[in-house]
Amino acid sequence: MALETSVVMIFIGMVLLLRIPNNHAKLMFSPSPAPQPQSPGNVTMYGATPGSLQPRECAPRCTSRCSKTAFKKPCMFFCQKCCATCLCVPPGTYGNKQLCPCYNDWKTKRGGPKCP
């Protein structure tokens with residue numbers, strides 16, 4: 001008899017717990033909004049967009065761009081030549097040329113990339 005009473009009391013307790021509004025759980029554990037990705041169109045990258053550099057700013061940008069290459073002299077020569085024409089240098093030491101179309105599209109006679 002005591003076992004039946006205990007089971008009934010547990011059942012009634014569970015039913016009551018299920019009927020309690022869940023508002024307090026929503027306040028405590030509400031997920032934060034997911035960060036929205038930024039499109040490259042509304043981010044201004046100084047020096048990485050065409051025409052955004054002054055000619056005097058090419059040397060430091062090219063030094064950074066050519067910092068990890070084993071061929072520093074040719075890299076610096078062509079980087080500064082490209083920067084003087086395009087007035088931009090892509091960020092990083094490799095790649096990212098899509099940010100500077102002039103830098104990316106300038107090709108050698110053989111069709112290879114002119115700018116490092």
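User: In this predicted model, which residues is Cys-86 in contact with, leaving aside its neighbours within four places in sequence?

Analyst: Contact here means heavy atoms within 4.5 Å. With neighbours within four places in sequence left out, the contacts of Cys-86 are Pro-50, Gly-51, Cys-100, Cys-102 and Tyr-103.

User: How many residues does the largest nonpolar core have, and which of them have the most contacts inside it?

Analyst: The largest nonpolar core has 14 residues. Nonpolar side chains tend to be buried together in soluble globular proteins. Those with the most contacts inside this core are Cys-62, Cys-79, Cys-83, Cys-86, Val-89, Cys-100 and Tyr-103.

User: Which helix supplies the largest share of this core?

Analyst: At least two residues of the core come from each of H3 and H4. The largest share amounts to 5 residues, and its source is H4.

User: Which residues of helix H3 are buried, and within what arc do they fall?

Analyst: Helix H3 covers residues 58-65, and its buried residues are Cys-58, Cys-62 and Arg-65. Seen down the axis of H3, these residues line one face of the helix, because they fall within an arc of 55 degrees.

User: Which helices do the buried residues of H3 pack against?

Analyst: The secondary structure of the chain comes to 5 helices and 0 strands, in the pattern α-α-α-α-α along the sequence. The packing partners of the buried H3 residues are helix H4 (72-86) and helix H5 (101-105).

User: Is Arg-65 buried or exposed?

Analyst: Arg-65 is found in helix H3. Its relative accessible area is 3%, and the cut-off for a buried residue is under 20%. Arg-65 is therefore buried.

User: Which residues does Arg-65 touch, and how far is it in space from Cys-79, C-alpha to C-alpha?

Analyst: Not counting residues up to four places away in sequence, Arg-65 touches Cys-79, Val-89, Pro-90, Pro-91, Gly-92, Thr-93, Tyr-94, Gly-95, Lys-97, Tyr-103 and Pro-116. Arg-65 and Cys-79 are 14 residues apart in sequence. In space, C-alpha to C-alpha, Arg-65 and Cys-79 are apart by 8.1 Å.

User: What is the phi of Leu-87, and where does this residue lie?

Analyst: Most residues other than glycine have a negative phi. Leu-87 has a positive value, near 55 degrees. At 23% relative accessibility, this leucine counts as partly exposed. The place of Leu-87 is in the loop between H4 and H5.

User: How exposed is Asn-96, as a relative accessible area, and what is its phi?

Analyst: Asn-96 is found in the loop between H4 and H5. Its relative accessible area is 31%, so Asn-96 is partly exposed. Although Asn-96 is not a glycine, its phi is positive, at about 60 degrees.

User: Which residues make the nonpolar surface patch, and what is its area?

Analyst: One of the residues in the patch is Ile-12, whose place is in helix H1 (residues 2-19). Ile-12 has a relative accessible area of 42% and is partly exposed. The patch is made by Val-8, Met-9, Phe-11 and Ile-12, and its area is about 420 Å².

User: What percentage of the residues of the chain count as buried?

Analyst: The chain exposes about 9100 Å², with 65% of it supplied by carbon and sulfur atoms. Among contacts with a separation of 6 or more, 52% are accounted for by residues 24 or more positions apart. The chain has 116 residues, and the part that counts as buried is 17%.

Methods. Residues are numbered from 1 along each chain as its sequence is written. This is a predicted model: local features need pLDDT of at least 70, side-chain atom pairs count only at pLDDT 80 or more; totals for chains, interfaces and linings use all residues. Side-chain values use heavy atoms; hydrogens and water are left out. Patches are made of residues with over 30% relative accessible area and no salt bridge: like charges are joined within 9 Å, nonpolar side chains (Val, Leu, Ile, Met, Phe, Trp, Tyr) within 5 Å. Accessible areas come from the Shrake-Rupley method with a 1.4 Å probe; for residues, only the protein chains shown count as cover. A salt bridge is a side-chain nitrogen of Lys or Arg within 4 Å of a carboxyl oxygen of Asp or Glu. Helices (H or I, at least four residues) and strands (E, at least two) are DSSP runs, numbered from the N terminus. Buried means under 20% relative accessible area, exposed over 50%, partly exposed in between (1.4 Å probe, protein chains only). The arc is that of the directions from the helix axis to the C-beta atoms. A nonpolar core is a set of buried Ala, Val, Leu, Ile, Met, Phe, Trp, Tyr and Cys residues joined through side-chain atoms within 4.5 Å.
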